[in-house]
Each structure stands twice: as C-alpha cells, then as structure tokens.
Amino acid sequence: MTALRCTGLSRSFGALKAVDGVDLAVGTGARHALIGPNGAGKSTLFKLVSGTMRAHSGAVELAGRDVTGLSEVARCRLGMSQTMQHASLFGSMTAAETVALAAARHEGGRISPLPRRRPAVWTRAGELLAEVGLAERRDVPVPALSHGERKQLEVALALACRPSLLLLDEPAAGMSPAESARLVELLAGLPAEITVLFVEHDLDLVFSLADSVTVLHLGRVLLSGTPDEVRASEAVREAYLGAGRREELFTA
Ligand SMILES: Nc1ncnc2c1ncn2[C@@H]1O[C@H](COP(=O)(O)OP(=O)(O)O)[C@@H](O)[C@H]1O
Ligand SMILES: [Mg+2]
C-alpha cells in the first residue's frame, strides 16, 4: 500500500522551477527522508504535498485517493499532518493548553474559550505530551521551553489530528546533539502505522532513522532508494560536492 504518491508534481516561481516534475512514492509505515542541497526544492515540495501551496501541475494521492484539488485543512482531515520549518507557537499558553487546543480542534466543537470543561481533550493532551516526552513539562509556558522541547511540542501538535501521514520539515534544526538524539528516539518510537516523510539536513539523523530516501536536486528527483544506495551514489556525491556538503554526507 502506498501512503503517499506524487506524480509529475511541479511548481515555479517566475522562471525558477522550484519543483520540477517530481514523482515520489512513500510506502505505508515508511520512515522516508527527503534530502538535497539548500534550495533543492524540499520545502516547496512539502508545501505542495500538504496543500499549503498549490501545484502548477501534477497530482498528489493520499492512500490511493487524489487530494490534488483539496485544501490543507481537507487533507489534514484525511490524515495528513505537518510541522513547519519555521513554525510559530502560541506565545503565552502552556504546553498542555497548546496541545489541548489542537486536540479540541481535531475532535470538533468550540475551541474558544479553552476547552477546560472537556476532560477528554485534556486527557488526550496529556497522552500526546507523554508520547513526545513532555509529560513533566505540561504546565510550562511555551516561551519557557527549550528549543528542542518546542520541536517536541510541534510533533505533539501534529499528532493531535491523528495522522496517518506525518510530514516533518527539518525537525532537528537548531537542536543540540542531545535534543536531536531524543527526537530520533521519539520518531523511531511512533506507531508503525504512521508513515513519516521528513526533510532533514543532519545526515546522521537521516541515516539512523530513514528506511528510504529521496534526493532532490534543482527541483528534480536525483535518486530514490535505500540509505545504502544513496550513500553509494556517485550522482548524489556530485550534487553535494557542488553544494560543498560532501563531507557531511560521506563521513556519516
Ligand atoms: N515563495 C517563494 N517565492 C520565490 N521563490 C521561492 C519561494 N519559495 C522558495 N523559493 C525558491 O525555490 C527554490 C527552492 O526553495 P525551497 O523549496 O525552500 O528549497 P529547500 O527547502 O530545498 O532549501 C529556492 O531557489 C528558493 O529560493
Ligand atoms: Mg527548506
């Protein structure tokens, strides 16, 4: 079964073909990494998949269903959930309030004022915080969380809509080695039925977590394969060499 299939997906900005005829298949339950030099089109491809941005051509299928014409919200209802590369979280709320709000929104009903009288929502928020390793930090205001903890919180928010496909754009960006190790543990421990597609610069993290990898270069797919196939590829080596990233990929 294919969780996600992109066919001929394209998006230009003026003369720049940021995403240029991308075919991508992600199997159900996969931990699929999307890598490539800066400007390769990874974030744009993510936005086309999630529906944050419209494709100029091509199609997106979620578990066999064509969602190309659907909004981001409609795709989310069908099981697609994302964290953003530059996410903004609600300033003054606690971790638990933030997640409760997301859970309330997903379960339906009023979200304002906060759903204090809906115990199921608070129970769910507690479960989600525990799932991402933030159980002890539930009453901490979001601004007082560390950078790594905020990223964990973003994953909890993405899980609040009970996704079948989780999209993570650079989840480990700006994390310390300890924080990123915790994140790998968290992602590796997600239920197997949740398919994960993630963009990541840290190739140690990519190769420790991913079971399949797609390399984008200049908006096109350079290679899709196993982590070993990607490491062994001369074309991938060249693409990273051009971008001055060779060491990172091949000493990992
Ligand atoms: N909204 C936008 N308007 C104009 N150009 C953009 C926009 N978003 C991305 N680009 C350009 O598209 C290319 C791909 O960007 P992006 O998808 O962010 O790459 P990556 O995430 O792989 O670093 C880059 O050249 C970038 O400058
Ligand atoms: Mg990006």
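**View 1. Strand β4 (residues 57-62) pairs with β5 in the antiparallel sense over 2 bridges.** Strands here are DSSP runs of E, at least two residues long, and helices are runs of H or I of at least four, numbered from the N terminus. Two strands count as paired if DSSP finds at least two bridges between them. Look for Leu62: its bridge partner in β5 is Arg65. This is a predicted model, so local features need pLDDT of at least 70 and side-chain atom pairs count only at pLDDT 80 or more, while totals for chains, interfaces and linings use all residues. Residues are numbered from 1 along each chain as its sequence is written, and chains are lettered from A and ligands numbered from 1 in the order in which they are written.

**View 2. An open sheet of 4 strands runs in the order β2-β1-β4-β5, with antiparallel pairing.** β2 (16-27) and β5 (65-66) sit at the edges with a single partner strand each, so one side of each has no neighbour in the sheet.

**View 3. Helix α6 (residues 177-188) has a buried face.** Which residues of α6 are buried? They're Ser180, Leu183 and Leu187, where buried means 20 or more other C-beta atoms (placed from the backbone) within 10 Å of the residue's own, exposed means 12 or fewer, and partly exposed is in between.

Methods:
Arc of directions from axis to C-beta.
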